[in-house]
Amino acid sequence: MRVIGLAVVLTLSLQLPLTLSLQLPLAVHGETTVKLWRIGLLAPGLPPGCGSDAHPAALLALQEGLRELGYVESQNYVFVVRCAVREDGGMSAARDLIGQNVDIVMVGSNELARALKKATTTVPVVFIAVTDPEEDGLVASLAHPGANMTGFSHLTRELAGKRLQLLKETLPRLKKVAVLATERDRDIEREGARLGLQTQHFIARQPGEIRAAFAAAHGARPEALLVHPHPMFWSERRQIVELASEAGLPAIYENGDYVELGGLMAYGASLADMSRRAAGYIDRILRGARPSELPVQQPTKFELVINLKTAKALSLKIPQSVLGRADQIIE
């Protein structure tokens with residue numbers, strides 16, 4: 001278990017602008033030309049937040065993974081970043097990124113992966129943290145993706161029940177849970193019923209609808225909040241954490257980015273671990289492997305992050321049985 005005193009925003013060695021156009025001299029004094037790989041990153045949100053502040057731990061893990069495989073930033077690869085807005089599902093950003101002559105693209109959500117699938121059938125795409133890629137039509141099958149996409153799946157459905165279980169363990173008398181989501185999720189309702197919890201969805205499909213969803217939830221008097229994983233919610237995580245605090249709702253999220261901003265707790269697959277593993281797929285593809293032949297992998301590392309400062313503000317004592325399982329505690 002790792003304990004830290006303050007939520008620290010990692011300072012990236014690479015402060016990502018929207019387009020990085022670093023060029024390497026082709027040859028000096030007869031030296032052999034070095035290939036400068038262009039790795040595209042399609043991230044949710046508006047600039048500048050989707051660049052330099054987008055999942056700093058995950059991006060650093062990707063850079064570290066590439067470095068371990070012999071890739072030196074600005075010497076044999078550069079990142080080309082595009083920010084995707086929700087209004088068009090990320091299509092304009094996806095087309096723009098593909099137009100930048102990238103050799104490969106990494107993406108971290110179903111919505112943006114779908115946009116890339118429409119934007120290109122030839123440029124290799126490595127995704128992380130997507131839900132049910134086979135069911136969503138991103139790949140033909142997990143074992144044999146069959147096209148230009150492969151990557152790492154996010155077990156969102158399986159993890160929903162674990163998040164509800166953590167809320168119930170933290171609040172033994174818990175009965176009513178509000179669910180902030182972009183659409184109704186039957187799996188959450190089934191898991192809630194199995195645990196003896198009444199779950200009620202409050203829908204926000206656009207950032208401007210989040211405050212109204214919280215207002216509606218307030219009228220229903222829930223005792224806790226579960227925020228459904230979605231890139232739009234991640235982009236609006238600061239607003240969501242603040243609204244949960246104003247409502248006095250103990251909340252659980254998908255990853256520690258929310259907890260570092262003051263959210264109570266998060267449980268999910270480690271984005272940093274998936275990013276590090278994605279570096280291996282990027283390397284194999286740049287060396288000639290076909291995405292269609294690289295199976296989609298499942299997460300292998302999961303993280304529970306708890307903010308004790310927030311728990312204290314909520315007059316909530318986290319049971320030792322929960323604290324003892326935490327990978328990271330913020331206090």
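Of the 28 residues in the largest nonpolar core of this predicted model, M265, L304, I306 and I318 touch the most other members. A nonpolar core here is a set of buried Ala, Val, Leu, Ile, Met, Phe, Trp, Tyr and Cys residues joined through side-chain atoms within 4.5 Å, with buried meaning under 20% relative accessible area and exposed over 50% (1.4 Å probe, protein chains only). At least two core residues each come from α5 (156-170), β7, β9, β11 (265-269), β12 (302-307) and α13 (320-323). The top contributor is α5, with five residues. Helices (H or I, at least four residues) and strands (E, at least two) are DSSP runs, numbered from the N terminus.

As for L304, its contacts (heavy atoms within 4.5 Å) take in L166, M265, A266, Y267, V322, R325, A326, D327 and Q328, leaving aside residues up to four places away in sequence.

Helix α7 (residues 210-220) has a buried set made up of I210, A213, F214, A217 and A220. These residues span an arc of only 110 degrees around the axis, so they sit on the same side of α7; the arc is that of the directions from the helix axis to the C-beta atoms. A212, A215, H218 and G219, on the other side of α7, are exposed. What do the buried residues of α7 pack against? Their partners are β7 (176-181), β8 (198-203), β9 (224-227), α8 (231-235) and α9 (237-247).

Helix α6 (residues 186-194) gets a similar look. Its buried residues are D187, I188 and G192. Their arc around the axis is only 135 degrees, which puts them on the same side of α6, while R190, A193 and R194 are exposed on the other side.

Then there is a helix pair. The axes of α3 (residues 91-98) and α4 (residues 110-119) come within 9 Å and cross at roughly 50 degrees. Axes are lines fitted to C-alpha atoms, for helices over the stretch in contact, and angles run from 0 to 180 degrees between N-to-C directions. α3 and α4 are therefore oblique to each other, oblique being whatever is left once angles under 35 degrees (roughly parallel), over 145 (roughly antiparallel) and 65 to 115 (roughly perpendicular) are taken out. The crossing of α3 and α4 is right-handed, that is, the near helix is turned clockwise from the far one by less than a right angle. At the contact, M91, A94, R95 and I98 of α3 meet A115, L116, K118 and A119 of α4.

Residues are numbered from 1 along each chain as its sequence is written, and side-chain values use heavy atoms, with hydrogens and water left out. Since the model is predicted, local features need pLDDT of at least 70 and side-chain atom pairs count only at pLDDT 80 or more, whereas totals for chains, interfaces and linings use all residues.
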